[in-house]
Amino acid sequence: MPSNKSVSDAPIVQFTNCRILRDHQLQREDLWVREGKILNPEKLFFDEKGSADVQLDCKDGIIAPGFIDVQINGGFGVDFSLATDDFKSGIDLVSQKILSHGVTSFCPTLVTSPPSVYHQVLPQISVRNGGAHGAGILGAHLEGPFISKEKKGAHPEHCLRTFEAGAFQDLLATYGSLDCVQIVTLAPEMRRSSEVIQELTKRGICVSLGHSVANLSQAEEAVQHGATFITHLFNAMLPFHHRDPGIVGLLTSDKIPAGRRVFYGMISDGIHTNPAALRIAHRAHPKGLVLVTDAIAGMGLAPGRHTLGQQVVEIDGLNTYIAGTKTLSGSVATMDTCVRHFQEATGCSVETALEVASLHPAQLLGIEHKKGTLNYDSDADFLMLNDSLYVQATYIAGKEVWRQDVSGM
């Protein structure tokens with residue numbers, strides 16, 4: 001039966017023999033795609049009297065939304081915090097390579113850097129759709145320099161800054177521009193941070209709390225002013241204390257404004273967070289968990305010395321340290337590895353493991369109407385996976401952009 005072309009001349013692709021992640025459940029349905037969007041088959045059949053132009057047998061595989069990484073510092077020898085002449089080719093390389101890890105959209109992340117680096121790098125980052133060239137760019141994540149000296153982690157102390165007389169103007173002068181910025185991580189205990197949080201959220205920028213010695217009331221005040229995210233929970237913040245749980249206490253706080261959800265990033269690499277801590281966080285606040293890689297330039301490369309912004313880091317197995325110390329500095333874990341480790345550590349369902357890397361980051365950024373789900377009319381960015389959650393193929397806008405050489409499907 002030929003397609004009805006009254007609505008569109010674009011071909012209709014039907015993915016058959018698959019289990020689709022929709023409405024938090026794996027459902028045995030077909031997936032229909034046209035012009036880069038997920039189609040409602042009922043409308044296609046009854047309103048258009050149409051049918052598929054191409055049918056693809058998924059051999060009983062899982063189809064899930066593409067992963068979204070909101071904190072990735074680089075990979076494959078590319079460091080987003082280094083101002084280089086070929087920065088654009090570097091970001092292109094990373095966006096291409098992470099397709100094999102199931103990442104279809106990401107936020108290139110800059111660690112604390114001198115203003116000159118922001119001024120040089122940020123104009124070279126532009127929001128763009130994904131495709132055969134690589135994963136889509138959702139905007140930059142600026143992690144610092146307005147963070148705590150005590151919890152600086154792998155961030156260079158000499159580049160840290162505070163909000164002075166100008167507050168928000170200080171931030172603008174440091175970054176140069178907020179045009180392509182999606183997330184800013186700052187320490188909420190800093191003087192005048194509240195007005196900065198309000199100004200950023202007014203511009204649609206997500207404010208994340210991290211690298212901080214804030215107590216719970218300071219963290220709650222930041223959320224009341226618009227902050228919605230916590231940068232790598234448990235890492236680079238005060239440890240949980242029963243009398244004042246600090247930022248960690250936001251997971252069960254009763255001071256969160258009605259209708260607001262606090263999300264929190266976790267590096268599920270088996271190194272940054274003990275599996276028991278992963279389980280505690282997930283059981284306390286399952287709907288807020290967002291997996292991030294926090295990957296550095298050494299991801300995908302052999303052990304040895306690499307960079308993270310202004311610092312030299314050493315990779316030893318899956319551990320990454322500032323050279324000559326035991327201070328953790330980002331990870332070399334890939335997103336698909338984090339998803340599998342998370343499922344194994346928490347014993348959660350397949351659906352949950354996939355949603356913490358897709359639906360939740362989309363909800364955090366307010367883009368769940370087009371990314372992070374397979375709902376009708378959303379972007380056809382999706383993965384084919386086997387039952388062990390290994391990525392077999394990656395699709396962006398309904399087109400295959402990566403496939404495992406020796407298919408396990």
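**Loops, helices and overall form**

Modeller: Asp-294 is found in the loop between strand 16 and strand 17. Please bear in mind throughout that this is a predicted model.

Biologist: What is the phi of Asp-294, and is the residue buried or exposed?

Modeller: Most residues other than glycine have a negative phi. Asp-294 is not a glycine, yet its phi is positive, at about 55 degrees. With a relative accessibility of 6%, under the 20% cut-off, Asp-294 counts as buried.

Biologist: Thr-293 lies in the loop between strand 16 (289-291) and strand 17 (304-308). Which residues does Thr-293 touch, not counting residues up to four places away in sequence?

Modeller: Thr-293 has a relative accessibility of 2% and so counts as buried. Leaving out residues up to four places away in sequence, Thr-293 touches Asp-69, Gln-71, Ile-72, Ile-267, Ser-331, Ala-333, Thr-334, Met-335 and Cys-338.

Biologist: Where is Ala-167 found, and what is its relative accessibility?

Modeller: Ala-167 is found in the loop between strand 11 and helix 4. Its phi is positive, about 50 degrees, although Ala-167 is not a glycine. Ala-167 counts as buried, because its relative accessibility is 0%.

Biologist: Which peptide bond is cis, with omega near 10 degrees?

Modeller: Most peptide bonds are trans. The exception to describe here involves Pro-145, whose place is in the loop between strand 11 (140-143) and helix 4. The cis bond, with omega near 10 degrees, runs from Gly-144 to Pro-145.

Biologist: Within what arc do the buried residues of helix 6 fall?

Modeller: Helix 6 spans residues 216-224, and its buried residues are Leu-216, Ala-219, Glu-220, Ala-222 and Val-223. They line one face of the helix, because, seen down the axis of helix 6, they fall within an arc of 155 degrees.

Biologist: Which elements are included in what covers the buried residues of helix 6, and which residue follows the helix?

Modeller: The cover of these buried residues includes helix 5 (193-202) and strand 13 (206-209). Helix 6 is followed by a residue with a positive phi near 130 degrees, Gly-226.

Biologist: With which residues is Phe-342 in contact, leaving aside its neighbours within four places in sequence?

Modeller: Phe-342 is found in helix 8 (residues 335-346) and is buried, with a relative accessible area of 0%. Beyond its neighbours within four places in sequence, Phe-342 is in contact with Ser-268, Leu-278, His-282, Leu-289, Leu-291, Gly-347, Cys-348, Thr-352, Ala-353 and Val-356.

Biologist: How many Å apart in space are His-285 and Phe-263, C-alpha to C-alpha?

Modeller: His-285 is found in the loop between helix 7 (275-284) and strand 16, and counts as buried at 16% relative accessibility. Leaving aside neighbours within four places in sequence, its contacts are Leu-251, Arg-261, Val-262 and Tyr-264. Phe-263 is 22 residues from His-285 in sequence, and the C-alpha separation is 8.8 Å.

Biologist: Finally, what is the radius of gyration of the protein?

Modeller: The protein has ten helices and 22 strands. For 409 residues the globule rule gives 22 Å, and the value for the protein is close to this, so the protein is as compact as a globular protein of that length. Its radius of gyration is 21 Å.

Terms used
Residues are numbered from 1 along each chain as its sequence is written. This is a predicted model: local features need pLDDT of at least 70, side-chain atom pairs count only at pLDDT 80 or more; totals for chains, interfaces and linings use all residues. Side-chain values use heavy atoms; hydrogens and water are left out. Helices (H or I, at least four residues) and strands (E, at least two) are DSSP runs, numbered from the N terminus. The radius of gyration is taken over C-alpha atoms; the globule rule is 2.2 Å times the number of residues to the power 0.38. Buried means under 20% relative accessible area, exposed over 50%, partly exposed in between (1.4 Å probe, protein chains only). The arc is that of the directions from the helix axis to the C-beta atoms. Contact means heavy atoms within 4.5 Å.
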